Amino acid sequence: MRLITTAYPSPYQHAQNYPFLSLIIVVVWLLAGHSLQAQDNGKLKLSGKVLDAQANTPLVYSNVRLFRQADSSFVTGAVTNESGDFVLDAVAGNYYALLESMGYKAQKTSAIELTREGSPHSMGTFRLLPSTNTLSEVIVQGEKSTMELALDKKIFNVGKDLANRGGTAVDVLQNVPSVAVDGEGNVSLRGSGSVRILIDGKPSGLVSLKGSGGLQQLQGSSIERIEIITNPSARYEAEGMGGIINIVLKKERKEGINGSFDVITGYPGNFGLAANVNYRRKNLNFFVNYTNSYRNTPGRSTQYQELYRNDSTFISQQSSTNRLKGLNNNARAGIDYFFNPNNVLTGSYTWRLSKGKRFADIQYLDYGANTNILQRITNRQQDETETEPNSEYALSYKRTFAGKGHELTTDVRYLDNWESSNQYFTQQTLRQDGGASGIRDVLQQSLNDETEKQFLLQVDYVRPFGKEGKLEAGLRSSFRDMTNDYTVREQVQDGGWRALPGLTNNFLYEENIHAMYGIMGNKVRKFSYQMGLRAEWTGVTTTLKQTNDINPRQYANLFPSVHMTYDLPRQHALQISFSRRVRRPQYNDLSPFMTFSDSRNFFSGNPDLNPEFTNSFDLGHIKYMGKGSFSSSVYYRYTTGKIIRIRRVDERGFSTTRPENLATENSYGAEFTSSYAPYPWWKVDGSLNFFRAMTNGSNLDASYQSDTYSWFARTTSRFTFWKSTDLQLRGNYEAPQQTPQGRRRAIATLDLSISRDVLKNNGTLTLNVLDVFNSRRFRTITEGANFYTENNSQGRLRQINLTFNYRLRQAKKKAKDPVDGEF
């Protein structure tokens with residue numbers, strides 16, 4: 001048992017090591033100095049708060065727009081924070097404000113007279129009522145954008161993107177700016193594969209056993225929005241080097257009964273039903289979400305490999321096709337009980353059951369020095385049956401105190417997940433002419449049972465002080481136990497079975513993490529700051545029962561975070577932030593069991609893997625405009641113990657791939673994101689990310705080095721015709737990228753969608769084509785001292801979906817400029 005502690009260099013030592021950090025320190029110093037001496041330039045402040053009129057809870061990310069009283073021209077705007085608060089800057093004059101939030105009636109304020117003598121001007125607290133009218137009675141309101149930008153996070157409203165309809169959570173993430181998903185479903189953020197994925201702000205069994213690949217089981221119609229947090233504060237778990245992706249599921253709190261229903265059909269086979277229903281009466285709110293889907297997902301891949309041995313070259317080619325047929329059921333139900341406006345208790349239960357059949361055919365062709373000399377043909381088939389039942393229980397309580405923003409929240413969760421896999425493999429070896437080779441056919445079976453049980457307790461407390469100050473503190477404990485009972489056996493000539501050596505064991509994983517944090521924030525004129533510190537104690541023990549190999553690890557670490565914001569004139573804002581992050585090896589990273597579906601390419605975890613740590617810096621800018629917003633940022637990350645999968649090939653040409661700790665990685669980049677509506681009938685969202693990553697793996701091998709420049713871009717253009725028909729084009733491009741063992745080639749895709757409102761606008765029909773040109777192929781080149789390998793894989797072929805959505809007592813709102821007296 002060992003204790004790992006980390007010493008922290010001073011900021012000045014960091015600055016000497018990294019010139020980029022020196023620049024950041026200078027910028028912070030200048031901003032801080034300027035903020036204390038800056039003149040107001042005639043700008044005065046207006047502040048206020050937006051609440052749910054029935055629950056008396058903050059309405060986060062509500063839009064507040066200020067207009068001149070004389071001509072209704074737009075002046076400035078803001079978005080409410082997590083406490084429902086907003087601040088506007090404007091010169092003296094007469095104005096009115098428009099407050100909007102999705103699912104609520106818009107509210108127009110009375111006339112506001114802003115004078116220097118009355119500044120700062122408090123507009124008070126606004127309480128918005130849920131929209132309960134039928135569609136024919138509803139007042140037209142401003143529609144929420146597909147993408148909402150803030151300095152500390154980006155929000156992507158899933159329902160507004162037509163191409164997401166009929167897809168899975170993985171399909172949704174593939175089209176979120178800054179996010180990339182590879183052919184195996186692995187998610188990366190700003191080029192970093194270490195991302196913490198949460199569902200409703202908490203861990204979920206969907207991403208426990210299978211990692212991000214488990215998101216294939218979550219239907220996109222059950223997702224409300226995706227939140228991207230690239231540099232989280234101490235409030236969040238320290239896990240996730242690249243940041244946090246939070247998937248927020250649908251949940252309504254409107255009065256009465258309301259909901260939405262989806263019917264999905266598609267090719268290749270994609271059939272599904274989804275229902276999101278809510279009932280609210282006085283102090284009781286009941287919600288239920290259910291999705292049922294059947295998907296037939298075909299895939300294909302090829303591999304070319306050269307093996308160098310004894311001054312000779314041996315060539316092999318491999319091609320495979322696979323079909324995954326899955327039936328997924330997801331049910332989620334819960335109750336909110338409002339004891340009074342200040343006390344809310346929420347209980348929920350989530351049940352998932354996934355059953356799948358996987359069929360794969362692999363053919364190996366072995367050559368001599370060139371592909372004209374075929375020596376042997378080997379055919380291998382896989383037949384897998386898989387069952388995954390998962391359950392999650394959650395109970396949360398929120399207490400709001402008298403002071404503005406003063407609240408206490410507690411959350412208790414229990415996850416119970418299980419997966420059973422039964423696989424049969426047959427393999428036949430033939431001569432080059434297709435005749436019998438004399439080598440006995442092989443029949444193998446792989447049995448794999450995995451379980452996970454996790455208990456999570458979290459308490460968060462917020463206490464405002466002074467005029468703009470706020471103190472936050474919290475505790476979190478997580479207890480997690482996982483098992484993997486793995487057996488591979490082969491049929492012998494007499495019909496019996498024998499276990500294959502080294503491929504039978506029982507792997508136990510125990511993880512306990514305890515954390516506490518504190519945050520202090522305040523605002524001085526145009527300068528606001530937030531400083532936090534999080535302490536985490538981690539204990540992980542892995543055990544191989546058959547060999548009694550026990551590996552205990554314990555380490556304690558501190559994770560500081562700093563966020564500073566400066567409000568510039570004309571609706572500009574600037575934020576600089578720093579946080580320390582960790583990527584702990586997870587269950588799949590440590591499990592030593594190898595995948596067996598491919599008899600020549602094996603993948604496994606590494607029981608000796610250590611955590612990787614990152615210092616992350618971000619300098620961001622945002623500009624709010626009447627028709628949209630624009631954000632930009634430059635970022636830098638310094639990582640030690642970088643975790644990367646390394647491929648090795650033995651003298652037979654068989655490969656093993658497992659994660660290893662490389663020495664360091666330095667990466668920096670720039671990101672630009674914009675949401676703009678040049679005309680009422682045309683909306684455009686786009687993002688561009690350029691980065692450089694320098695990876696040093698000389699601790700393992702002098703050749704494990706890379707210095708890559710790369711970029712990726714995404715754009716969505718949506719047109720509205722005849723008031724009830726929308727056309728959307730969405731394009732993605734990922735540039736080539738160098739890796740420590742080779743390179744990854746470029747990817748370009750295009751999605752096309754069209755939708756039309758029907759049944760008096762209560763329903764919507766959507767037709768989309770994902771990957772129009774069937775071009776989403778992951779092509780990589782991997783090289784080592786004794787091998788050269790090219791891979792070309794396509795995990796999902798072109799998909800065509802037709803979705804019908806019906807809304808019960810829900811308005812589908814179209815954008816419209818406000819007119820004086822309309823509300």
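Visitor: Which strand does Glu 100 lie in?
Guide: Strand β6, residues 93-100. Bear in mind that this is a predicted model.
Visitor: Is Glu 100 buried or exposed?
Guide: Buried. Its relative accessibility is 7%, and the cut-off for buried is under 20%.
Visitor: What does the Glu 100 side chain make a polar contact with?
Guide: The side chain of Arg 65, at 3.1 Å.
Visitor: New topic, backbone. Is the peptide bond from Tyr 267 to Pro 268 cis or trans?
Guide: Cis. Omega is near -5°. Most peptide bonds are trans.
Visitor: And where is Pro 268 placed?
Guide: In the loop between β17 (256-267) and β18 (270-281).
Visitor: Where does Asn 548 lie?
Guide: In the loop between β28 (527-544) and β29 (549-568). Asn 548 is exposed, with a relative accessible area of 55%. Exposed needs over 50%.
Visitor: What about phi at Asp 771?
Guide: Positive too, about 65°, and again not a glycine. Asp 771 sits in the loop between β43 (763-770) and β44 (778-784).
Visitor: Is Asp 771 buried or exposed?
Guide: Buried. The relative accessible area of Asp 771 is 1%.

Definitions and conventions: Residues are numbered from 1 along each chain as its sequence is written. This is a predicted model: local features need pLDDT of at least 70, side-chain atom pairs count only at pLDDT 80 or more; totals for chains, interfaces and linings use all residues. Side-chain values use heavy atoms; hydrogens and water are left out. Helices (H or I, at least four residues) and strands (E, at least two) are DSSP runs, numbered from the N terminus. Buried means under 20% relative accessible area, exposed over 50%, partly exposed in between (1.4 Å probe, protein chains only). A polar contact is a pair of N or O atoms within 3.5 Å; within protein, one must be able to donate a hydrogen and the other to accept it, and residues adjacent in sequence count only if both atoms are side-chain atoms.
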